[in-house]
Amino acid sequence: CIYVIAGGVGALGGYAISPDTVEGETEVDYDTAWDSSVEILSIMGTVNSKDYKLGNINATVGGSKITVDLSQISSKEVRLRVKARKNMLPDIKVAQDIFVKIKSRTKE
């Protein structure tokens, strides 16, 4: 089931693919998307682990467990997926916030 989200995420081309995950594409190279993701997660919380080759970053933001997955679609396009769960429950607001901030950072 795909949920379309209005507001900040929808305006940036992201959409919810589950109650805890927001996904979208960004038109930048992989390194820019990776650096932006690590930077935003470091500012908002704590990066617990990261694997550049696999495109996975695990972090904690405001008590929520965050997973960011990056996959290169082309040389100038990356799929960004942000998942957030707090106390085993979906935390879509945090996932949306992180997605929007990472995507905005890649445009700077």
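Thr21 is buried, at a relative accessible area of 6%. Buried here means under 20% relative accessible area, exposed means over 50%, and partly exposed falls in between (1.4 Å probe, protein chains only). The model is predicted: local features need pLDDT of at least 70, side-chain atom pairs count only at pLDDT 80 or more, and totals for chains, interfaces and linings use all residues. Residues are numbered from 1 along each chain as its sequence is written, and side-chain values use heavy atoms, with hydrogens and water left out.

Thr21 belongs to strand E2 (residues 21-26). Helices (H or I, at least four residues) and strands (E, at least two) are DSSP runs, numbered from the N terminus. The Thr21 side chain makes polar contacts with two side chains: that of Ser18 at 3.2 Å and that of Asp20 at 2.8 Å. A polar contact is a pair of N or O atoms within 3.5 Å; within protein, one must be able to donate a hydrogen and the other to accept it, and residues adjacent in sequence count only if both atoms are side-chain atoms. Beyond its neighbours within four places in sequence, Thr21 is in contact (heavy atoms within 4.5 Å) with Tyr15, Ala16, Arg81, Val82, Lys83 and Ile92.

## Overall layout

The protein chain has three helices and seven strands. Along the sequence they follow the pattern α-β-β-α-β-β-β-β-β-α. Of the 108 residues, 35% count as buried.

Among contacts with a separation of 6 or more, 48% join residues 24 or more positions apart. The chain exposes about 6,000 Å², and carbon and sulfur atoms supply 53% of that area. Accessible areas come from the Shrake-Rupley method with a 1.4 Å probe; for residues, only the protein chains shown count as cover.

## The largest nonpolar core

A nonpolar core is a set of buried Ala, Val, Leu, Ile, Met, Phe, Trp, Tyr and Cys residues joined through side-chain atoms within 4.5 Å. The largest one has 22 residues, and Leu41, Ile66, Val68, Leu70, Leu80, Val82 and Ile98 touch the most other members. Two or more residues each come from helix H2 (30-44), strand E4 (56-61), strand E5 (64-74), E6 and helix H3 (92-106). H2 gives the largest share, six residues.

Leu80 sits in strand E6 (residues 77-86). Leu80 counts as buried because its relative accessibility is 2%. Its C-alpha atom is 6.0 Å from that of Asp69, 11 residues away along the chain. Outside four places in sequence, Leu80 contacts Val22, Glu23, Gly24, Ser37, Val68, Asp69, Leu70, Phe99 and Ile102. With the same exclusion, Ile98 touches Leu41, Met44, Val61, Ile66 and Val82.

## Aromatic pairs

A pair of aromatic rings is described by the distance of the centres and the angle of the planes. Rings of Phe, Tyr and Trp (its six-membered ring) pair if their centres lie within 6.5 Å; planes under 30 degrees apart count as stacked, over 60 as edge-to-face and the rest as tilted. The whole structure holds three aromatic pairs. One of them, Tyr30 with Trp34, is stacked, at 6.4 Å centre to centre and 20° between the planes. Both residues lie in helix H2, four residues apart, about one turn of the helix.

Trp34 also pairs with Tyr52: the centres are 5.4 Å apart and the planes are at 85°, so this pair is edge-to-face. Trp34 lies in helix H2 and Tyr52 in the loop between strand E3 (46-51) and E4, so the pair ties together parts 18 residues apart in sequence. Trp34 is buried at 8% relative accessibility, whereas Tyr52 is partly exposed at 39%. Tyr30, Trp34 and Tyr52 form one aromatic cluster.
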